[in-house]
Amino acid sequence: MSGEVQAAAVLGGLQESEQLEDSGHRGGRVRRQRIGLGDWLLPVYTVLAFVFLLIPIVYTLVFSFNDSIKSNISWRGFTFDKWLNVCNVEGGAVCEAFANSIVIGLVATVIATTLGTMIAIALVRYRFRARSSISLLLFLPMATPEVVLGAGLAAQFLAVGVPKDMTTIILAHTMFCISFVVVTVKARVASLDPALEEAGRDLYGSPSQVFWRVTFPLLVPGILAAALLSFALSFDDFIITNFNSGSVSTFPKYIYISASRGIPAEANVIASAVFLFALVLVIVAQVSRAARAKRLAKLS
Amino acid sequence: MAFAAFATTEAQPQAPKRKSRIALFLLLPGILYMVLFFLTPLISLILTSLQAPNEFGDIGVYDYAFNWQNYVTVVQEYWPHILRSFGYALVATVLALAFSYPLAYFIGVKARRWPLLQSVMLVLVIAPFFISFLLRTLAWKQLLSDESFIITSLKALSLMAPDAHFTGTPAAVIFGLTYNFIPFMTLPLYTTLERLDLRYLEAGSDLYANPFTVFRKVTIPLSMPGIVAGTLLTFIPAAGDYVNASRDFLGGPDTQMMGNVIEANFLVLLNYPAAAALSIILMAAILVLVGIYVRRSGTEDLL
C-alpha cells in the first residue's frame with residue numbers, strides 16, 4: 001500500500017515536470033511543490049531498497065575474511081587465511097561439494113541447452129498439431145513448486161529402483177533447465193531477421209550451410225544467455241537436489257546440512273568468489289553490449 | 001481439414017513433408033526427456049500417493065493400491081501446515097509487490113534518461129542470484145538473531161519487548177520469503193514498466209485525473225502483465241519453499257510449512273504416500289489458484 005502511494009506521488013511529480021516543459025498553461029505553481037517531493041522520494045527509496053537487497057551479500061563477503069575457529073557467527077578479526085586455504089576444512093568437504101556442483105551444472109547445462117535450443121527452433125519455425133500441448137508441457141515445470149518436482153522424480157526413481165547419485169541429480173537439473181532454455185532461446189529465434197537467411201539462400205547456400213553459417217551464429221548470444229541461466233539455476237538449486245541426491249553432496253546441500261552446526265568461513269569464501277566472478281562476467285557483458293550499440297549507432 | 005492438407009501438398013509437393021521431419025527431429029529428444037522426467041514423475045507421484053503400507057509392515061515399503069484415505073489422513077494431520085503455506089506465501093507476495101513496484105518504476109521509468117544507471121541497477125537487482133540463497137538466508141538469521149545489533153537496538157528503543165524473539169517466528173519466515181523472492185517480482189515489473197508509454201499518463205492528467213487516479217486507472221492496468229507474472233513467480237515458489245521455514249534457518253517449531261512436512265515425510269520418515277499426497281494437494285491447489293487469478297486479472301494470453 002505504501003508503495004502505491006509513493007509511486008503515485010512520484011507519478012504526480014513526473015506528470016507535472018513534463019507538462020511544465022511542454023506547455024505551462026495549466027498553472028504549475030501549486031504543483032511545483034509536489035515535484036520536489038516526488039523527485040526525492042523515489043530515488044531515496046531506491047537507494048534504501050538496494051541497501052536492503054545487498055545487506056546479506058555484504059555480510060557473506062565480510063564474513064569470508066573472519067578469523068573464525070569453527071562456526072562463523074561472531075566477528076573475531078580479519079584474515080586472508082580462509083581464502084588461501086579453502087580446502088583445508090573438514091577434509092575438503094566444502095571443496096568436494098563445490099566441485100560436484102560445478103560438474104553437475106556443466107553437464108546439465110550442456111544437455112539442457114542442446115535439447116532446449118532444438119525445441120525453441122522447432123516451436124518458432126515449424127507449424128504442427130501438438131504445438132499447444134508441447135508449449136504446456138514446457139510451461140508447467142516452471143509453474144510447479146520445486147518440492148513437487150523433486151518429490152515426483154524421487155518417487156519415480158524409487159519405483160524404478162534407480163539408486164540416487166550424481167546421475168539422478170543431473171537428470172533432475174536438466175529437466176527444469178530445459179524449460180528456461182526454451183523460453184530464452186525462443187525469444188532470440190523469433191527476433192531473427194528472415195532477410196538474412198534469405199540472402200544466404202539467394203547466394204546458393206544449402207539449407208545446412210544457411211543454418212550453420214547464418215542462423216546459428218545469430219542465435220549464439222541467446223544460446224549463451226540460456227546456458228548461463230541454466231548453469232546458475234543448477235548451481236544454486238537446493239530443493240530438487242535434496243530429494244534426488246542420496247549421499248552425494250552439492251554446495252547448497254552442504255550449506256543446508258551444516259546450518260545446524262554452523263557454516264565454516266570457507267563456505268563464505270567459495271560463495272563470495274562465485275559471486276565476484278559472476279558479477280565481473282555480467283559487467284563485462286553489459287559493457288561490451290553498450291560498446292557494440294555505440295559502434296552500430298556510429299555506423300548508421 | 002483433409003482438403004486443406006491435400007491442397008498444400010499439391011502446391012508444394014516436397015517442402016512440408018521434409019519440414020515436418022526436421023521439426024520431429026528437433027522436438028523428439030527434448031519432448032521425450034520432458035515426458036520421462038517431468039510427466040511420468042507426476043504420474044508416479046499420484047500412484048505413490050495412493051499406495052498402502054506393505055502387508056508385512058516393513059518401514060518405507062509400500063504396495064500399489066487405491067488408498068485414497070491417504071489424502072484424508074494428511075489433510076487431517078497437516079491442515080495447519082497447508083493453511084500456513086498459502087497464508088505465508090500470500091503475505092510475502094503482497095509485501096514483495098509493495099516493495100518492488102516503486103523500485104521497478106524508478107528503474108524502468110524514471111531512469112530511462114540514464115541507460116548506464118539503468119543497467120547498473122538491473123545488475124544490482126539480480127546480484128542476489130549470484131550468491132547462494134541459503135547463505136543469504138543464514139546471513140539474515142545472524143543479522144536478526146537475539147544478540148544482533150538490529151534486535152538489541154530495537155529492544156533498547158523499546159520497539160520490541162525485551163524477551164521477544166524475531167527468528168523462529170512467522171514474521172521471520174515471511175520476511176525471509178519476501179526477501180528471497182523480491183528479484184523475481186522486480187524483474188517482470190521492470191520489463192513491463194520499461195515499455196510503458198508515458199503519453200498515456202499524460203492523456204490521463206490532460207483529462208483532469210489527479211496523479212493517484214492516473215496511477216490507479218492507467219499505470220496499474222498497463223503494468224498488469226508484469227504484476228501477474230511477478231506475483232506468480234513469487235507465490236508459487238514461496239508456497240512450496242521449506243528453507244526459510246526450516247528450524248535451522250528463519251523458522252521455528254510453529255512455522256513449518258507444507259514443504260517441510262513433505263521433506264520430512266519423504267526423506268526422514270520414509271512415509272512416501274503421505275509426502276506424495278501432500279505434493280499433489282500443493283500442486284492442485286496452486287493450479288486452481290493460478291487459474292482463477294489469471295482469469296480474473298484478464299491476462300490469459302500470458303500463459
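Mentor: Gladly, and keep in mind that the model is predicted. Chain B has twelve helices and two strands.

Trainee: Why is chain B called more spread out than a compact globule?

Mentor: Set the value against the rule: the globule rule gives 19 Å for 303 residues, while the radius of gyration of chain B is 25 Å, well over that, so chain B counts as more spread out. Along its principal axes, the C-alpha trace spans about 85 × 75 × 35 Å.

Trainee: What makes α7(B) roughly antiparallel to α10(B)?

Mentor: Helix α7 (residues 170-194) and helix α10 (residues 224-240) of chain B pack at about 160 degrees, and their axes are 8 Å apart. Angles over 145 degrees count as roughly antiparallel, and therefore α7(B) is roughly antiparallel to α10(B). As for handedness, the crossing of this pair is right-handed.

Trainee: Which residues make that contact?

Mentor: On the α7(B) side they include L177(B), F181(B), F184(B) and M185(B), and among those from α10(B) are P225(B), G226(B), I227(B) and L233(B). Sorted by class, the contact of α7(B) with α10(B) has 13 nonpolar, five polar and no charged residues.

Trainee: How do you know that α7(A) is roughly antiparallel to α9(A)?

Mentor: Helix α7 (residues 166-190) and helix α9 (residues 207-236) of chain A meet at an angle of about 155 degrees, with 9 Å between their axes. The cut-off is again over 145 degrees, so α7(A) runs roughly antiparallel to α9(A). This crossing, too, is right-handed.

Trainee: What is the make-up of that contact by class?

Mentor: The contact of α7(A) with α9(A) has 14 nonpolar, five polar and one charged residues. Among the α7(A) residues taking part are H173(A), F176(A) and R188(A), and α9(A) contributes residues including L219(A), P221(A) and S234(A).

Trainee: How many residues of each chain are in contact with the other?

Mentor: 74 residues of chain A are in contact with 74 residues of chain B. The largest share of the chain A side, 13 residues, comes from helix α2 (residues 29-62) of chain A.

Trainee: What makes you describe that side of chain A in terms of nonpolar residues?

Mentor: The class counts: the side of chain A that touches chain B divides into 57 nonpolar, 14 polar and three charged residues.

Trainee: Where does UniProt place the "domain: ABC transmembrane type-1" in chain A?

Mentor: The unreviewed entry lists residues 98-287 of chain A for that name. Over those residues, chain A is 83% helix and 0% strand, and the end C-alpha atoms are 29 Å apart.

Trainee: And where is the feature of that name in chain B?

Mentor: UniProt, in an unreviewed entry, puts "domain: ABC transmembrane type-1" at residues 82-293 of chain B. That span is 73% helix and 0% strand, with its end C-alpha atoms 19 Å apart.

Trainee: Which parts of chain B carry the label "transmembrane region"?

Mentor: The label comes from UniProt, again an unreviewed entry, and covers residues 22-47, 86-108, 120-139, 171-193, 214-236 and 274-294 of chain B.

Trainee: How do you know that residues 22-47 of chain B are helical?

Mentor: The computed share is 100% helix and 0% strand, and the end C-alpha atoms of residues 22-47 are 36 Å apart. Residues 171-193 of chain B are likewise 100% helix and 0% strand, with 30 Å between the end C-alpha atoms.

Note on methods. Residues numbered from 1 in each chain as written. Chains lettered and ligands numbered in written order. Predicted model: local features only at pLDDT ≥ 70, side-chain atom pairs only at ≥ 80, totals over all residues. UniProt positions renumbered as here; feature names shortened; annotations may be inferred. Helix = DSSP H or I, 4+ residues; strand = E, 2+ residues; numbered from the N terminus. Contact = placed C-beta atoms within 7 Å. Nonpolar A, V, L, I, M, F, W, Y, C, P; charged D, E, K, R; others polar. Axes fitted to C-alpha atoms, helices over the stretch in contact; angles between N-to-C directions. Parallel < 35°, antiparallel > 145°, perpendicular 65-115°, else oblique. Left-handed = near helix turned anticlockwise from the far one by under 90°. Rg over C-alpha atoms; globule rule 2.2 N^0.38 Å.
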